[in-house]
Amino acid sequence: MALRLVSDFDLGKDVLPWLRAQRAALVAAGAGGGGPGVLENNYESLRLLNVERNGNIIYTYKDDKGNVFFGLYDYQTKQNEHLYTFEKDLQVVSCSVNRERTLLAASLVQAAKEGRRNELQPGSRCLTLLVEIHPINNVKVLKAVDSYIWVQFLYPHVESHPLPENHLLLISEEKYIEQLHIQVTQEDGDRVVIKNSDHLPRQRVAEDFVWAQWDMSEQRLYYIVLKKSRSVLKCIQFYADEHFSLMFEAPLDVSLSDSGFKLVNFGYDDLQDQEKLSKHPTLCVFTNHTGSLCVCYCPNFDTWEQITYSVLYFHKGHGKTFTATLGRVDSRVTKGITFLSLDYYVAVYLPGHFFHLLNIQHPDLICHSLFLTGNSEVIDMLPHSPLQSLSGSLVLDWCSGKIYRVLLNQSYLLEFLWNARLDCEKLALLHCVLSCGRDPRQLEAKVHSFKGYWEKLNSNLEYVKYSKPHLHYNSSVVRREWHSLISEEKKGKRRSTVYVRNILDNAIKVISNLEARNLEPRLTPLFQEEDNHQRLLMGLMVSELKDHLLRHLQGVEKKKIEQMVLDYVSKLLDLICQILEASWRKHNLHPWVLHFNRRASAAEFAVFHIMTRILEATNSLFLPLPPGFHTLHTILGVHCLPLHNLLHYIDNGVLLLTETAVTRLMKDLDNTEKNEKVKFSIIVRLPPLTGQKICRLWDHPVSSNIISRNHVKRLLQNYNKQPRSSMMDKSSFSVEFLPLNYFIEILTDIESSNPALYAFERHDNVDAKFVEEAALKHTTMLLGL
């Protein structure tokens, strides 16, 4: 499956054997009383309560009498420890322990018969207690109220020495949060007691909120308040001392109700019916070491046919809304949508329906994200139990009491990459595998990429995104200059020889740099022709990009910038080549594709489609293509497309008629009626000079006719009427039509007056006699004779 869950903690394996061993030891010793030994066989009451910032896990269990025991699993030492026992039948709402394990905060409610009040504190339903657990077990009542209370100790960034003051958050069902400041002192060695326990200073942190989330890793509190029916997200940062500060507040385009409230990451909450989770909005905040901050939100399910959710990328300043169609409409959604933080990605899924992997490093590049919807193996294998994201790609399954480390399954993704049918899925999987791989060099050696290319690409993208707009390279200058050079070439004009030579020299350096890096032979027949237009574009891009970087990177050596530009342009071209190479290898294409004596296969259709997509992308970005790309694309187009579609592609500039491609066409295609139509349709679309050259390669009356007409036209363009020569041999003319005879005499006069200028360029397919006959025949047709 795409997600790999590696077990980090399991109540059944890491706690239960220890409890049984403790009980067995006490039974063997004939001991009784407090401690885990009285657990007896009530193991089903064992459940996980909270995960602290240092990874320590607090759990609880009951004996047959309902006595509540608190235990701690040390994440570092993998050892269990008994914390405290309440010899009352109580239900635990929330629990937290300080970093030194000297104070335990717990919120409990009466768990006996309905209607009974708390015997520890008459008149109250919920009791919040602060316990000295090292070692004298003094108990202080913090709250005795009817509303539920959740507790959470702060774990500030400090050294390992004990703190003189502890800070505890109290989160009330009445929509307020308080911070208590608890000073402790050591007595008689290591005995820790609360100082001034009669009066603990407290201050209000937040109030009137409808949603709150605790970020244990960064010690931040996120909460949402409603202002004039508008949701506002606030973030509070807590520090090592008693101070805290509001980091930011920002409006959210989410709909939350003022009637209730929802807590996230404040420990286990069995007060809410898990079956009703899908009926309430799901909202969570994710941060990670990359500097990203995302708000994920899914409103109430209004329909069972599709689900809409939003991801707000605060670190990018924008958000996106996605709609997923459920794979099986007949199956009702009983579990809520799941959001998981996976470093550079956020996983969004609904088991059995869809799986999305959103790239949060480059969210504006939608091709980096993977969207799978419907009935597939990937979706069906996702965990069905509700999971809660913790820091460091950890997730908690409250139902089973297990903690997993979530990883993207590299082997599965690579297999999925090769088997995926859609190009969008392949591209997303490629980026996912490369960005999340543990060994980028090994992975690059497997999709055949340049060494370190993807790492450099990501760093370059980050730099460009956050730099000022005037630093951004714009291809519009290159576009204008390239079109200007091509236009001048068509008109027979040319810039200074030195200027054009410098541009073409840049292109030679790019191709040489590319060939030096690529030692393996290519299947695709690229770089086998000049293609001056693409060379001009390469050279112009190198020149303009080099000038741009020299202006803005003044501290970098000129040679280093030149090499940087050559590497960049070379890698762009090589990326296109590698895409084509991968396509050819996948579809088992061979060089005989370039011949026209066979019908196109499905593989050639697929490669032609990929090349068309590449052409669209490079045209939109105005990037150069490898010399030979247009020739290969056109030949595949002739193979794959019906004539009317082929001509449509040519007329709209999708297929470019290169001289190499048309030459192959004229030589390889025979003169069947169908092929004659193809050849003639292409010849009439060629530029005049190229058309004249190509016509001489086609041994056919149509091409001879075109050559003849062009020759006569060239003779008559500069004709100045001269007295008619009387020395002409009229016996050589067999046509008894005076206008035609006169016309032949004019042509003969022109050619004889300056043989060097008007000499006909002889070719195997056409001779001068045929030119005369073709001219006469054409004139006869025009006159209707």
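Modeller: Asn 265 is found in the loop that lies between strands β18 (262-264) and β19 (282-287). Here helices (H or I, at least four residues) and strands (E, at least two) are DSSP runs, numbered from the N terminus. The model is predicted, so local features need pLDDT of at least 70 and side-chain atom pairs count only at pLDDT 80 or more, whereas totals for chains, interfaces and linings use all residues. Residues are numbered from 1 along each chain as its sequence is written, and side-chain values use heavy atoms, with hydrogens and water left out.

Most residues other than glycine have a negative phi. Asn 265, although not a glycine, has a positive phi of about 65°. Asn 265 counts as buried because its relative accessibility is 18%; buried means under 20% relative accessible area, exposed over 50%, and partly exposed in between (1.4 Å probe, protein chains only).

Asn 588 sits in the loop between helices α10 (558-587) and α11 (602-621). With 57% relative accessibility, Asn 588 counts as exposed.

Leu 221 touches Phe 266, among other residues including Ile 177 and Trp 214, where contact means heavy atoms within 4.5 Å.

Technical notes:
Lists of a residue's contacts leave out its neighbours within four places in sequence.
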